[in-house]
Amino acid sequence: MSRRAFSVTALAALVASGSAMAAGSAAASGTDRARRRATREMRGVWVATVANRDWPSKQGLSADKQRAELITHLDTAAKRHLNTVILQVRPTADALWPSPYEPWSQVLTGTQGEDPGWDPLGTAVEEAHARGLQLHAWFNPYRIANHTDLGRLAESHPAREHEDWVVTYGGKLYYNPGLPDVRAFVQRAMLDAVERYPLDGVHFDDYFYPYPVAGQSFDDDEAYDRYGGGFTVRADWRRDNIDKLVLEMADAIRQIRPTTQFGISPFGVWRNAGTDPLGSDTRGGVETYDDLYADTRKWVREGWIDYICPQLYWNIGFAAADYAKLVPWWAEVARGSRTKLYVGEALYKAGDPAQPAAWQNPAELSRHLTLAKEHAEVGGHVYFAAKEVAADRIGAMARVVADHYGQPAISPR
């Protein structure tokens with residue numbers, strides 16, 4: 001159901017001519033007339049580092065090898081006329097830059113807290129900009145570890161110092177979103193990167209409160225007793241906690257670096273129409289409002305965030321969550337708001353034999369873009385994920401490029 005379906009079960013040819021680097025350079029130095037002629041749309045790719053999903057290819061590579069792999073991903077994005085890279089830089093409450101708040105990420109050296117000998121985020125920003133690509137830094141606010149052993153974390157890890165901040169749930173460790181001290185800390189940790197680097201964007205995905213696990217409850221009783229006095233319903237208090245995170249981050253980003261965009265890519269179903277008449281014509285097993293306590297629709301309607309990129313990871317005609325029904329629903333949500341709408345695309349499903357027949361057709365994703373063009377609110381697409389952009393198992397990405405990305409495009413601002 002989520003883009004992280006590779007770890008949790010719930011839900012060709014390249015274009016040889018031109019490059020996004022040339023487009024970015026021309027846009028940066030060209031005339032106003034050239035700028036007006038250029039296409040402006042989001043063409044993004046996620047680069048996931050958690051569990052070494054996309055990059056680095058494995059732990060313990062030399063700094064030179066890690067850097068070379070990162071550069072290859074940037075070059076591949078440029079060759080396919082993409083213009084934005086969304087790089088995961090805080091996968092499990094650790095960092096891919098020299099953070100004073102959290103340890104170096106294990107995905108680099110294999111040992112959390114070990115200095116990799118270079119600055120991946122700083123390099124990514126510099127090299128992306130050299131290719132005319134925007135670089136959005138992707139953070140996971142509350143996930144600590146994909147296991148339950150605090151002793152496996154680096155000795156300096158804040159979760160070991162503040163065990164009272166930690167909730168064990170579903171075989172993983174999370175910071176408790178209901179604690180004001182936690183919210184303040186994770187914001188400081190993430191904003192450090194905004195202060196250090198000329199980021200084009202700050203990006204959250206779909207992990208707020210964790211996805212529900214059957215038979216388990218998220219133990220925030222003490223936090224609710226202490227801080228939930230204004231709420232008679234715990235779910236409302238949890239949503240308020242996430243609202244505060246989003247609002248406070250948005251305000252802080254604007255103060256530190258006004259040109260940096262703040263975007264979120266939630267799970268694609270806010271609420272089903274069967275739950276709420278304002279919801280989508282879907283039968284999603286997860287609803288972000290009720291299960292992740294993320295009122296994504298409100299964030300758009302209130303203009304709290306600069307862009308939203310719902311993960312619409314289903315094919316056209318999929319009964320429970322039809323892409324052709326979700327795109328117009330999200331377009332209606334975004335209509336009249338200041339929040340831009342981009343669509344998250346499940347490139348990872350293309351050619352996967354475990355997926356429905358529609359995903360065996362190289363044209364499925366291209367059909368998505370054709371359909372989305374019928375809705376003026378859709379300002380582009382982002383593809384999950386970098387490994388599939390490079391491999392392009394059945395040529396679905398090449399088909400998108402051939403059908404829709406014949407010319408480079410400028411990233412929206």
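Modeller: In counting charges, Lys and Arg are taken as positive and Asp and Glu as negative, while His and the chain ends are left out. The model before us is a predicted one.

Colleague: How many positive and negative side chains does the protein have, and how far apart do the centres of the two sets lie?

Modeller: There are 46 positive and 52 negative side chains, with 7 Å between the centres of the two sets.

Colleague: What radius of gyration would a compact globule of 413 residues have, and what does the protein have?

Modeller: A compact globule of that length would come near 22 Å, and the protein, at 20 Å, agrees with this. Of its 413 residues, 59% count as buried.

Colleague: Which backbone features deserve attention?

Modeller: Most residues other than glycine have a negative phi, and most peptide bonds are trans. Here, the bond from Trp 55 to Pro 56 is cis, with omega near -20°, and a cis bond also joins Phe 384 and Ala 385, with omega about 5°. His 81, not a glycine, has a positive phi of about 60°, and Asp 392 has one of about 45°.

Colleague: Is His 81 buried or exposed?

Modeller: Buried means under 20% relative accessible area; His 81 has 2%, and is therefore buried. Asp 392, at 4%, also counts as buried.

Technical notes:
Residues are numbered from 1 along each chain as its sequence is written. This is a predicted model: local features need pLDDT of at least 70, side-chain atom pairs count only at pLDDT 80 or more; totals for chains, interfaces and linings use all residues. Side-chain values use heavy atoms; hydrogens and water are left out. The radius of gyration is taken over C-alpha atoms; the globule rule is 2.2 Å times the number of residues to the power 0.38. Buried means under 20% relative accessible area, exposed over 50%, partly exposed in between (1.4 Å probe, protein chains only). The place of a charge is taken as NZ of Lys, CZ of Arg, CG of Asp or CD of Glu.
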